[in-house]
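Thanks for coming, everyone. Please look at the sequence and the model on the screen, and then we will walk through it.

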Amino acid sequence: MKKIVLVVLVALVGFVAQAQEKKNKNAKYVTEVNGNCGLCQKRIQKAALAVEGVKSAVWDIDSHQLTLILNEEKCSPLAVKKAIAKVGHDTDEVKATKEDYDKLHMCCLYERKE
């Protein structure tokens, strides 16, 4: 009888310990995004946050650095970069099309790198 109680107790402790193990699916990424002003900042952050799985997106005007926190099971940094390029902003990996770039407000037209 003591053996049965001991086995059940060990099994319950094992299940409880496993249930409390939390896997961190969120990751932090920093990438460069071209832009100039506060309008660019709003557009870039809005495009990034529209991608499912992005928890946080903060673009710094001075450094042109976009800091992302995203769920790696739901999206990738490349998916976010494609969404940002679609609204007219070049990233380090994905360039906006000329048509998307030309839709930007005059103050948002940055010097493009070839």
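Let's start with a question: which residue lies over the face of Tyr101? That is Arg112, at 4.6 Å from the ring centre. The rule for a charge over a ring is NZ of Lys or CZ of Arg within 6 Å of the ring centre and within 35 degrees of the ring normal.

Before more detail, a word on the source. This is a predicted model, where local features need pLDDT of at least 70, side-chain atom pairs count only at pLDDT 80 or more, and totals for chains, interfaces and linings use all residues. Residues are numbered from 1 along each chain as its sequence is written, and side-chain values use heavy atoms, with hydrogens and water left out.

Back to Tyr101. The structure holds one aromatic pair. Tyr101 and Tyr110 form that pair, and it is edge-to-face, 5.1 Å centre to centre with 80 degrees between the planes. For the cut-offs: rings of Phe, Tyr and Trp (its six-membered ring) pair if their centres lie within 6.5 Å; planes under 30 degrees apart count as stacked, over 60 as edge-to-face and the rest as tilted. Both Tyr101 and Tyr110 are buried. Buried means under 20% relative accessible area, exposed means over 50%, and partly exposed is in between, with a 1.4 Å probe and protein chains only.

Now the overall layout. The chain has four helices and three strands. Their order from the N terminus is α-β-α-β-β-α-α. Helices (H or I, at least four residues) and strands (E, at least two) are DSSP runs, numbered from the N terminus. Of the 114 residues, 32% count as buried. The accessible surface comes to about 7900 Å², and 58% of that belongs to carbon and sulfur atoms. Those areas are from the Shrake-Rupley method with a 1.4 Å probe. For contacts in the chain between residues at least 6 apart in sequence, 48% join residues at least 24 apart. Contact here means heavy atoms within 4.5 Å.

Next, helix H2, residues 38–49. How far apart are its end C-alpha atoms? They are 16 Å apart, which agrees with the 16 Å that twelve residues should span at 1.5 Å a residue. The expected span is 1.5 Å times one less than the number of residues. In H2, Cys40, Ile44, Gln45, Ala47 and Ala48 are buried. Seen down the axis of H2, these buried residues fall within an arc of 160 degrees, so they line one face of the helix. The arc is that of the directions from the helix axis to the C-beta atoms.

On to H3. Val80, Lys81, Ile84 and Ala85 are buried there. Down the axis of H3, the buried residues fall within an arc of 140 degrees, so they too line one face of the helix. They pack against strand E1 (26–32), H2, E2, E3 and H4. Take Ala85, at 4% relative accessibility. Leaving out residues up to four places away in sequence, Ala85 touches Val94, Lys95, Ala96 and Asp100. Ala85 and Ala47 are 38 residues apart in sequence, yet 9.0 Å apart in space, C-alpha to C-alpha. Just after H3, Gly88 takes a positive phi of about 105 degrees.

Now the loops. Thr91 is in the loop between H3 and helix H4 (98–102). Is Thr91 buried or exposed? Buried, with a relative accessible area of 2%. Beyond its neighbours within four places in sequence, Thr91 is in contact with Glu32, Val33, Lys81 and Ile84.

His64 is in the loop between E2 and E3. His64 is not a glycine, although it has a positive phi of about 65 degrees. At 22% relative accessibility, His64 counts as partly exposed. Not counting residues up to four places away in sequence, His64 touches Thr31, Glu32, Val33, Asn34, Gly35 and Trp59.

Last, Asn71 in strand E3. Asn71 is buried, at 8% relative accessibility. Outside four places in sequence, Asn71 touches Lys25, Asn26, Gly53 and Lys55. That's my tour, thank you.
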